[in-house]
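Open the model in your viewer and keep the selection tool at hand. Each stop below says what to select next and what is there.

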Amino acid sequence: MTPGLPDAEGTLAALAERMRGGVAPDAAFVGIYSGGAWVADRLATMLGAGHRVGYLDVSFYRDDYERAGLKPNARRSALDFDVAGATIVLVDDVLYTGRSVRAAINELFDYGRPAAIELAVLIDRGGRELPVEATYVGARLSVARDLDIVLSRAADGTLALAAEPRVAR
Amino acid sequence: MRITIEGGRVVDPVAGREHAADVHVADGRIAAIGAKPAGFAAKRTLDARGLVVAPGLVDLAARLREPGFEHKATLESELEAACAGGVTSLACPPDTDPPLDEPGLVEMLTWRAHARHRVRVHPVGALTRKLEGAEITEMAELAQAGCVAFSQADRPIADTQVLMRAMQYAATFGYRVWLRPQDAWLGRGGVAHDAEVATRLGLAGVPVLAETVALATLIALARVTGVALHVCRLSSAEGVELVRAAKAAGVALTADVALHHVHLCDVDIGWFDPLARFEPPLRGTRDRDALRRGLADGTIDAIASDHAPVDDDAKQLPFAEAEPGATALELLLPLTLKWADEARVPLPRALATITSRAGDILGRANAGRIDVGVPADLCVFDPRAAWRVERAALRSQGRNTPFLGLEVQGRVRATLVDGEIVFEQ
Amino acid sequence: MTGLARNPQLDANGGLRHLLTLEGLPAAVITRILDTAVPFAAIGEREVKKVPLLRGKAVFNLFFENSTRTRTTFEIAAKRLSADVINLNIGASSTSKGETVLDTIDNLTAMDADIFVVRHSESGAPHLIAAHLNATGRSHVHVVNAGDGRHQHPTQGLLDLFTIRHYKKDFRDLSVAIVGDVLHSRVARSLVSGLATLGTPDIRVVAPRTLVPTRVEATGVRVFNEMHKGVAGCDVVVMLRLQNERMKGALLPSTGEYFKEYGLTPEKLALAKPDAIVMHPGPMNRGVEIDSAVADGERSVILPQVTFGIAVRMAVMSIIAGNPGPRE
């Protein structure tokens, strides 16, 4: 754990509390690979209300392809339910510029037209470049621009947050 | 004009020696080597200190592209290239358009060449009409018009009966027959040495058998017909072995190798480099090594530049579609020196492959000689001067050669034909 | 000694600039393409079978040799990446007008092509084009070899590798038999290169001596002239298409004799491992190289190959087009 960063597990619990009662009972959770997928799994378990979980890899929808090329290790998106007409809670670990969320929304629409999309994030670090706001936030932070907030998962599923110098891509 | 070439090292390939001496030229001939003859007053003195004074080079295969392929090269451009390369006598193969199968064409070529330049151009007549391998040409007429030998260039005679008769007829008059051993069928459609590289690159192969099967036939026919056979452009280790055995058995034959095959092999094709497209194809390293050994021990008599100017449009094509051949007149000397250096062959013996022994094959007694009384065809060169092979550095209209970018040693400083300076730098 | 000694398909950083051959392509690059094809394969199952990666890019299908099937798979792949696709069947027409391959390329590059998908009857044509683009400062234009002469068909090789990995998971203990006209087959050359790079221990080619290339052993394969020995104990049997022009003449006497000796029948397939899969690059000659009972049987993965082929081509195009190179 990096000093100055909140505890991931505590933040996750706070996020789950904020969502409880707010999220529609039939909403599906869709985590954005890779951190968002872990958070979505944990939230579904913690809420215990039988929310379906899907996963998106937004590599094919990123807007930095022209500049940086295709990211290695693209994964298969997996949405094992009908997106058309569904209420979806997009889940990500860190909300920053809003570009990943934009890509995820675009990708969701290629599966069908959802009834509604909400957004749940563990950390909102500000710095938006697109008009995107989260419906549910675990914690809000202010972080230097040259740092990345990185979520990791231990073998037992425990989540942890760390700040790392930004790697130019 | 009376010229003294002063202070150079004279290389005599026939005597097999080199020594410091002045060479005095008068009335188009070598008047003396060494001491100045009594009363000799040179009008011009060439300072040859540090330079080699050798006989003018004799090239057994230089395509001048006239008539028929003037877009690739002209007599002007190629004879300039010959002078710059120190070549004073050259044989041009009959694969012009139309082929050199009529006396009129041969006369026209020699007349046009002579009108433009002093370099000695020796046409090689077609052995069969249109090189089609069916009917023999009027060899006596062609010889009178100036043909030094008869050949099929790169088009083999498939019909062995025609081949035998052509040899019999040529032998009747004592004409030389220059043939490239190439089976008409075994290498059909092939563009590269039939081995690992061709298999990897998916290029149709020309097996070594295409050379050896044809060569065995040529040797058997030469033995029976008694024709003076010259085997052109040997490419394989097995081919060298056949020639060696035939010579040992007393068959009267000579052989040459193309300049490129002395240095390159199929690996140099790289990723389909059309500059490495040749006929016969570049073969394996083992073959190249055998060719070099054959040259060193005299099994192979001569190196031919196999000069073939090819225009960019014909070269910048997928490998199999690219026209074979490369510009080479200006590289004959430096690349022969490179071989001599690498193979540790003494200079007089190395130069013999592109002077006196080539001259013997040409049947011109004075060609490639440096003796008192013979016409002063001379090549004065700096054996240590290095230069880089670049398109802009070439005088030939053909700028395509796989040696582009290579740094070579050996630069011609002056070329004399009939005692006249035809090139100087 | 020559200017083309370095393969022009990789840039100075080892990135994939063009896809010309699988020979010498590092295992990491091959694996990355196969891995990237996995999520692309899933796109075909969605409502909208498109992703926006190549939006605004122009893919020119440049077919100097006709092949509707290959052209179509590239077209679908490019369209699923949202590229604009321009099909050009050049055939013999432009050469008869005296225009060279490189003239054609210069003209089309001036029309802002981003990717050339090149099929040509001569080995090495895509290399010539790629080297020309690199040498003239246009390395941001990419070339994908869609089959050149008898040299390589790298996207076919990759889809074959993808298929084998899909069913067999790992290459490191596999026996793969490639049966048929290896001499003229670009499919075989690509597959052999890829299999060898990925560490396949037993690669066999099975053919009569007239259809085995000289010194093919040097590429890392074992040669079998008898079919029953060649397929014995194999995990994968790849049947090659026999071109019409080879069916009689001096290479083979007849299709009947060929089928009898080298055609894949249920009896011959029974000699392979019980879970062996059967592949074919298509189009098949039923009753010449393969029996219908095998082609349509449960061990056949010939139709999945076609599906995977689209995903693999999407992966290739999105990886090379995402490697922009220096713009002049």
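Start in chain C with C:Pro283, in the loop between β9 (277–279) and α11 (292–295). Helices (H or I, at least four residues) and strands (E, at least two) are DSSP runs, numbered from the N terminus. A cis peptide bond joins C:Gly282 and C:Pro283, with omega about -10 degrees.

A note before moving on: this is a predicted model, in which local features need pLDDT of at least 70, side-chain atom pairs count only at pLDDT 80 or more, and totals for chains, interfaces and linings use all residues. Residues are numbered from 1 along each chain as its sequence is written, while chains are lettered from A and ligands numbered from 1 in the order in which they are written.

Now select B:Glu279 and B:Pro280. The peptide bond between them is cis, with omega near -10 degrees. B:Pro280 sits in the loop between α8 (259–263) and α9 (285–296) of chain B. B:Phe272 is in the loop between α8 and α9 of chain B. Its phi is positive, near 65 degrees, and it is not a glycine. B:Phe272 is buried, with 28 other C-beta atoms within 10 Å. Buried means 20 or more such atoms within 10 Å, exposed 12 or fewer, and partly exposed in between, with C-beta atoms placed from the backbone. Most residues other than glycine have a negative phi, and most peptide bonds are trans.

Is B:Thr128 buried or exposed? It is buried, with 24 other C-beta atoms within 10 Å. Its contacts (C-beta atoms, placed from the backbone, within 7 Å) beyond four places in sequence include B:Gln152, B:Ile157, B:Val162 and B:Ala166. B:Lys130 lies in that loop between β10 and α3 too. B:Lys130 has a positive phi of about 55 degrees. With 14 C-beta neighbours inside 10 Å, B:Lys130 is partly exposed.

Select helix α4 (residues 160–173) of chain B. Its buried residues are B:Leu163, B:Ala166, B:Met167 and B:Ala170. They fall within an arc of 95 degrees seen down the axis of α4(B), so they line one face of the helix. The arc is that of the directions from the helix axis to the C-beta atoms. These residues pack against α3 (139–145), β11 (149–151), β12 (176–179) and α6 (208–225) of chain B. Just after α4(B), B:Gly174 takes a positive phi of about 75 degrees.

Finish where chains B and C meet. The contact takes 26 residues from chain B and 30 residues from chain C. Helix α5 (residues 196–201) of chain B gives the most to the chain B side, with four residues.

Key: Two residues are in contact if their C-beta atoms, placed from the backbone, lie within 7 Å.
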